[in-house]
Amino acid sequence: MKPRLALSRAAAVAGGLLGALALAAAVAVWWIDRWWTSPLNLASPAVLTLEAGDTAVDLAIKIHAVGWVEHARLLPWIMRFTGDAQRLQAGEYRVATGETLEGLMARLLAGDVVVHSFRIVEGSRIADVLNALGEDARLAHTLGAARSETLLADLDLAIALEFGAHGEGWFFPDTYAFNAGDDDRSLLLRAHAKMRMELESAWADRSPDLPYANPYGALIAASLVEKETSRAEDRAHVSQVFAARLERNMRLQADPTVIYGLGEKFDGNLTRSHLRQPTPYNTYVHKGLPPTPIALPGSAALAAALHPSGADYLYFVARGDGSSEFSATLDAHNRAVRKFQLNRRRSRAAPDS
């Protein structure tokens with residue numbers, strides 16, 4: 001065989017092999033692209049959870065277990081090739097029907113996780129908040145059996161050295177966003193930081209000549225305002241009554257303080273005997289503010305506590321419709337009490353319509 005003919009045949013074979021390889025590579029690229037961009041095998045929306053430390057192999061195992069894609073074992077190899085194997089971000093991810101593996105991976109790498117929310121309601125007690133945190137399975141629980149009485153110390157907050165370890169009142173009512181797996185401690189620290197900020201701002205803008213020696217006294221007063229009324233038009237008047245009584249060394253005689261002092265003993269029916277029980281919080285027995293706040297006040301209650309209305313009021317009584325009747329004298333107050341208590345008795349005695 002002539003050399004030139006042999007070379008031409010070798011070149012033809014090599015060309016054929018290269019062509020076959022190129023064709024195979026093109027088919028592989030086409031197949032991987034189709035695999036990558038086809039909708040996941042998902043009948044209804046789902047949630048994918050990546051734990052901290054999960055690898056590309058862990059991700060492939062989870063996707064394979066639910067049958068979202070075929071050949072899931074290819075995923076770790078592709079992620080290593082693209083350099084994405086170390087970029088997975090932990091959290092919960094919503095997966096919609098029709099979503100592709102490409103779209104899901106983009107969100108896993110971007111950390112586009114499900115954002116949850118936890119609401120602290122104005123007027124709630126910190127004990128109620130601790131219970132709700134403990135029941136929220138989306139949070140990591142680190143506080144154990146934390147109690148209101150020692151909460152500030154449990155959280156290592158320096159303010160506990162100044163005002164005591166009791167946590168009542170020190171956490172701002174708001175809605176807090178968090179990711180699954182975030183811990184309860186971090187959420188409470190955010191709520192505390194916000195309360196400190198709100199209280200400091202309100203204190204700096206306070207009216208002159210208030211009967212509160214420091215911001216903590218104002219926080220206690222704000223908690224009383226929060227529990228006494230939810231009506232915007234009444235808050236500053238309620239605050240005025242408390243401030244005026246403190247200035248005159250009168251007992252505050254606030255029912256919510258009695259209820260707070262009773263704790264779990266209170267069954268929803270406040271009686272005359274309750275008003276005589278000498279708990280530290282009973283403002284019918286003790287003069288001055290109670291020793292701690294009795295609830296978590298919101299910004300409106302803080303503003304009202306630090307900006308009393310200035311009206312000449314010393315008394316108020318509930319009208320029974322959520323509003324209050326304010327009076328400057330005891331005689332006027334007694335008339336209001338008789339009037340609205342009589343109305344309530346008549347209302348209870350009236351037959352259902």
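This is a walk through the model, one selection at a time.

**Before you click**

You are looking at a predicted model, so to keep things honest, local features need pLDDT of at least 70 and side-chain atom pairs count only at pLDDT 80 or more, while totals for chains, interfaces and linings use all residues. Numbering runs from 1 along each chain as its sequence is written, and side-chain values use heavy atoms, with hydrogens and water left out.

**The whole chain**

Colour by pLDDT (the predictor's confidence in each residue, from 0 to 100). The chain averages 88, and 89% of the residues score at least 70. Now select 345-353: pLDDT stays under 50 there, and the model has zero contacts beyond four places in sequence for this stretch. Contact here means heavy atoms within 4.5 Å.

Switch to cartoon and you get 14 helices and six strands. These are DSSP runs numbered from the N terminus (helices are H or I, at least four residues; strands are E, at least two). Of the contacts with a separation of 6 or more, 63% are between residues 24 or more positions apart. Buried residues make up 38% of the 353 in the chain, where buried is under 20% relative accessible area, exposed is over 50% and partly exposed is in between (1.4 Å probe, protein chains only).

**Stop 1: Trp-170 and the core**

Select Trp-170, Phe-171 and Leu-188. They have the most contacts inside the largest nonpolar core, which has 55 residues. A core of this kind is a set of buried Ala, Val, Leu, Ile, Met, Phe, Trp, Tyr and Cys residues joined through side-chain atoms within 4.5 Å. Elements giving it two or more residues include H5 (126-135), E4 (175-179), H8 (184-204) and H10 (232-247); H9 brings the largest share, eight residues.

Zoom in on Trp-170. Leaving out residues up to four places away in sequence, its contacts include Leu-152, Phe-163, Met-195, Tyr-216 and Leu-296. Then jump to Leu-75, Tyr-93, Met-105 and Val-113, which belong to a second, separate core of 24 residues.

**Stop 2: the largest pocket**

Its volume is about 1,300 Å³. For the method: on a 1 Å grid over the protein atoms alone, a pocket is an open set of points where a 1.4 Å probe fits, with protein on both sides within 12 Å along at least five of seven lines; lining residues have an atom within 4 Å of a point. The volume is the space filled by probe spheres set on the points, which are joined across faces, edges and corners.

Select Gln-253, Asp-255, Leu-270, Tyr-284 and Val-317, the closest to the pocket's centre among 40 lining residues. H11 (255-262), H12 (272-276), E5 (315-318) and H14 (330-349) are among the elements that give two or more residues to the lining.

**Stop 3: helix H11**

Pro-256, Thr-257, Val-258, Tyr-260 and Leu-262 are buried in H11, and the buried residues of this helix pack against H9 and H12. Just past its end, Gly-263 takes a positive phi of about 60°.

**Stop 4: Arg-251 and Glu-247**

Arg-251 sits in the loop between H10 and H11 and is partly exposed at 35% relative accessibility. Which residue lies 33 places from Arg-251 in sequence but 6.2 Å away, C-alpha to C-alpha? Select Tyr-284; Arg-251 also touches others, including Thr-283 and His-286.

Finish on Glu-247 in H10, partly exposed at 49%. Glu-247 touches Asp-209 and Pro-211, not counting residues up to four places away in sequence.
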